[in-house]
Amino acid sequence: MTCVSQFRWTSASGTDVGRVRERNEDACLDLPERGIWAVADGMGGHAVGDFASRAVVDALAALPAPAVFDEAVANARQAIQSVNQLLIEQALRMKVRVIGSTVVMLLACERRCACLWAGDSRLYLFRGGHLKQLSRDHSQVERLKARGLITAEEARHHPAHNTITRAVGAAATLDLEQLTLEIGDGDVFLLCSDGLSNEVEDAQIADTLAAMTDPAQAAQALLALALGNGGRDNVSVVVIRAEDIAGGSDMTLLNPEV
């Protein structure tokens, strides 16, 4: 017996090197038939950033089919922790300071889904015409915002806006943040790297998702927006839509864990 979602999932992903960078160090995972999606944004340069992001998504793609929701989440956590150790060991072998990657992943099972993340790649939920950022950036500017030292607008242009405080491979102990929620009929989820969120305002993202005819069209439209607004970084998106086969349900946040 495997963990079966009670929803019909459709999704699409896209990634682009952008208009400035020479390498694409982002990676996406888009497996609607298994209820697993992810975006990873690698760091380290000299080809190790794309190694890191690919290691993250490959480990998640290789997850065994779980029987229950809690097992699915535990397996995903273990897979990311294993990659954390792998990247630390690889950095030692290559004699570089860090080989790392952000990760944001969504895992669906039964009527629930879980998000695990580290870094500033994001998960958004578009429901009932409203866009909500569900993940919380692990970044220096987010800390400054939380302390009331800078505004949201100042954060967008702050010199440290690309400085993250948590990533796979950055430290021996990886503190993955988790959010669990009930899925609602018609929910649209968006996973993205900061190449989207740094270039495209939330209002533009919401308008794009509201107008979408299918996830593939929305994913391409979001990539085009990021490139049109400058494309100063690699940009990756995964757009996911849930259709309740049995009938609607209301979203309820279940026990966010830090």
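I started with the sheet: 5 strands form an open one in the order β1-β11-β10-β7-β8, with antiparallel pairing. Strands here are DSSP runs of E of at least two residues, helices runs of H or I of at least four, both numbered from the N terminus; two strands pair if DSSP finds at least two bridges between them. I found β1 (7–16) and β8 (130–133) at the edges, each pairing on one side only. Neighbouring strands are turned by 20° against each other on average, direction ignored. (Axes are lines fitted to C-alpha atoms, for helices over the stretch in contact, and angles run from 0 to 180 degrees between N-to-C directions.)

A note on the source: this is a predicted model, where local features need pLDDT of at least 70, side-chain atom pairs count only at pLDDT 80 or more, and totals for chains, interfaces and linings use all residues. Residues are numbered from 1 along each chain as its sequence is written, and side-chain values use heavy atoms, leaving out hydrogens and water.

Next I looked up β10. 5 of its 5 residues are buried, so β10 is largely enclosed by the rest of the structure; buried means under 20% relative accessible area, with a 1.4 Å probe and protein chains only. Val188, Leu190 and Cys192 cover one side, Phe189 and Leu191 the other.

Then I checked partners. Tyr124 stands opposite Leu190, and Leu191 has Val238 in β11 as its bridge partner. Val238 also stands opposite Ser13.

Last, the helices. I saw α6 (residues 202–210) lying across β7, β8, β10 and β11, at about 50° to β7. Helix α7 (residues 215–228) touches β1, β10 and β11, contact meaning heavy atoms within 4.5 Å.

Key
Buried means under 20% relative accessible area, exposed over 50%, partly exposed in between (1.4 Å probe, protein chains only).
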